[in-house]
Amino acid sequence: MSNEKGTPEITFVHREKQELEARLVGKPVYLPVETMKHVIARHVMGEGLERKTKTTFYPVGQEVRGREIPKMMRVDEIVYYIDEAVKGGKPRIEEDKIVITYEFDEPEKAGIKKLKVVLKEVRGDFGVHFEVLTAYPISGPYVPLYEAGRWVK
């Protein structure tokens, strides 16, 4: 799913907040479009690498800082992996966030072994729900790591 070599298609057509199939303590989980824009900008396209000490990338066949990253999945599949991680992971509280680290059974399928999802609890007039703040691969056979201005893995 790319529009030219090394540039993955990053257009998503969905509501402002996409409800995932996953539930957290019985409450709905939403993936805001702004979060997906962040995930793609940072963990697909490599935006802001000069401001961050460490970044991992989804293997969707892109080129970042002169490195060709293998195409093991499509950009639009990221949503499904986030959903799977929220469904199957064990949430823990870190400060005021909910953090889920999920290990996939078949890391060779999409090139990702572990995925981290960070959520926040939202209380409103219609009850409680959760929203994904970010989600990125931690490790995997095709997950490159850019750290301190250079490719480490």
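Of the 153 residues of the protein, 44% count as buried, where buried means under 20% relative accessible area, exposed over 50% and partly exposed in between, with a 1.4 Å probe and protein chains only. The structure is a predicted model, in which local features need pLDDT of at least 70 and side-chain atom pairs count only at pLDDT 80 or more, while totals for chains, interfaces and linings use all residues. Residues are numbered from 1 along each chain as its sequence is written, and side-chain values use heavy atoms, with hydrogens and water left out.

The secondary structure comes to three helices and 13 strands; helices (H or I, at least four residues) and strands (E, at least two) are DSSP runs, numbered from the N terminus. Among contacts between residues at least 6 apart in sequence, 49% join residues at least 24 apart, a contact being heavy atoms within 4.5 Å.

Confidence comes next. The mean pLDDT, the predictor's confidence in each residue from 0 to 100, is 88 for the protein, and 90% of its residues reach 70 or more.

Strand 8 (residues 90-94) runs antiparallel to strand 9, and five bridges join the two; strands pair if DSSP finds at least two bridges between them. Glu 94 has Lys 97 of strand 9 as its bridge partner. Two residues lie between the strands of this hairpin, and Glu 95 in the turn has a positive phi of about 55°.

A further set of strands forms an open sheet of three, in the order 5-12-13, with antiparallel pairing. Strand 5 and strand 13 (150-151) stand at the edges with a single partner strand each, so one side of each is left without a neighbour in the sheet. Strand 12 (residues 145-147) pairs with strand 13 over two bridges, and Tyr 146 has Trp 151 in strand 13 as its bridge partner.

Helix 1 (33-43) brings the description to the largest pocket. The buried residues of this helix are Thr 35, Met 36, Val 39, Ile 40, Ala 41, Arg 42 and His 43. Their cover includes strand 4 (27-32), strand 5, helix 2 (78-88) and strand 11. His 43 counts as buried because its relative accessibility is 6%.

The largest pocket has a volume of about 330 Å³. On a 1 Å grid over the protein atoms alone, a pocket is an open set of points with protein on both sides within 12 Å along at least five of seven lines, and lining residues have an atom within 4 Å of a point. Grid points are joined across faces, edges and corners, and the volume is the space filled by probe spheres set on the points. The lining has 14 residues, with His 43, Lys 52, Lys 54, Thr 55 and Tyr 136 nearest the centre. Strand 11 gives the largest share, four residues.

Note on methods
On a 1 Å grid over the protein atoms alone, a cavity is a set of points where a 1.4 Å probe fits but cannot get out, and a pocket is an open set with protein on both sides within 12 Å along at least five of seven lines; lining residues have an atom within 4 Å of a point.
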